[in-house]
Amino acid sequence: MKAVFVCLLVGVVFVTGCKVGEKNCERVDNGSCGNACCKMEYEFDMSPASLVRDLIRVIGTGGPDQRYALQTTAEGTYGFTDLREFNLTSTNGRAVAYLGQAVHTTGPLGIECVFHDTVNFLVNFGDADGSCVLTAFSISEIAGALGDDGQNFYNIKTVIDALPPYAKEAASWAARFPAQRRKGGVRLRMGGWMGEETNSRASNHVPSALHDRVAGGRRATGRGSYRLGS
């Protein structure tokens with residue numbers, strides 16, 4: 001993905017890593033989470049452990065665009081934590097298997113005009129034996145990111161495309177229309193929805209704050225030991 005940056009000193013900073021119409025950038029969000037975000041759900045005909053192995057394989061080396069970084073969990077594991085033994089149930093009513101997190105970086109690495117998005121993964125047991133459900137949630141970290149030009153959907157779908165084929169897709173949050181830009185700000189046509197997969201068009205970040213800085217620290221996460229189990 002080409003990262004194109006236009007940092008304007010007119011009260012709004014435009015960051016356009018994604019462009020509406022580019023692959024995996026077609027679903028725009030405009031403030032669904034009080035900031036730009038995207039939540040998607042995918043069903044797979046494989047066990048939760050198999051899916052997590054594939055997620056670690058794809059994301060652990062930087063992801064398809066070399067801009068992903070798995071994070072260390074609260075339990076000290078790398079990328080994902082195994083919660084199967086606790087017999088927990090998530091809000092969607094499904095039994096919990098794994099939780100994981102990654103950070104996606106937009107923009108030329110190593111310079112200040114860079115933005116980060118947090119991508120969270122919840123892996124549940126599916127309805128059928130040997131199946132699972134992946135809920136992925138991406139949110140723009142920079143404050144004031146009303147629109148994202150589809151970047152948060154990109155952060156999720158680019159990983160999904162590198163995994164074995166999924167059986168079903170459902171979208172939880174997206175916007176029906178792309179952002180309409182105008183001089184000095186952003187004009188938005190909103191249309192939130194919940195439901196099954198749709199062809200709805202739904203921005204990269206359009207924050208009203210200054211750009212995020214690459215601070216290292218949390219980004220320079222170490223690779224802890226991780227045991228996946230069977």
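Is cysteine 33 buried or partly exposed? At 28% relative accessibility, cysteine 33 counts as partly exposed; here buried means under 20% relative accessible area, exposed means over 50%, and partly exposed lies in between, using a 1.4 Å probe and protein chains only. Before we go further, a word on the model: it is predicted, so local features need pLDDT of at least 70 and side-chain atom pairs count only at pLDDT 80 or more, while totals for chains, interfaces and linings use all residues. Residues are numbered from 1 along each chain as its sequence is written, and side-chain values use heavy atoms, with hydrogens and water left out.

Let's stay with the cysteines. A disulfide is a pair of cysteine sulfur atoms within 2.5 Å, and by this rule there are two disulfides. One links cysteine 33 to cysteine 37, with an S to S distance of 2.0 Å. Its torsion about the S-S bond is 70°, making the link of cysteine 33 and cysteine 37 right-handed. Cysteine 37 has a relative accessible area of 0%, so it is buried. Cysteine 38 is in no disulfide, and the nearest cysteine sulfur, that of cysteine 37, is 7.3 Å away.

The other disulfide joins cysteine 18 to cysteine 25, with 1.9 Å from S to S. The torsion about this S-S bond is about -70°, so the disulfide of cysteine 18 and cysteine 25 is left-handed. Cysteine 18 is buried because its relative accessibility is 0%, and cysteine 25 is buried at 0% as well. Counting bonded cysteines along the chain, the pattern is 1-2, 3-4.

Now for the helices. Helices (H or I, at least four residues) are DSSP runs, numbered from the N terminus. Helix α1 covers residues 48-59. The expected span of a helix is 1.5 Å times one less than its number of residues. For the twelve residues of α1 this gives 16 Å, and the end C-alpha atoms are 16 Å apart, which agrees. Nine of the twelve residues are buried, so α1 is largely enclosed by the rest of the structure. Among those buried residues are Leu51, Leu55 and Ile59.

Helix α2 spans residues 151-161 and is mostly covered, with ten of its eleven residues buried. Lysine 157 lies in this helix. Lysine 157 counts as buried because its relative accessibility is 13%. What is lysine 157 in contact with, leaving aside its neighbours within four places in sequence? The partners are Asn24, Tyr42, Tyr166 and Glu169, where contact means heavy atoms within 4.5 Å.

Conventions
Helix = DSSP H or I, 4+ residues; strand = E, 2+ residues; numbered from the N terminus.
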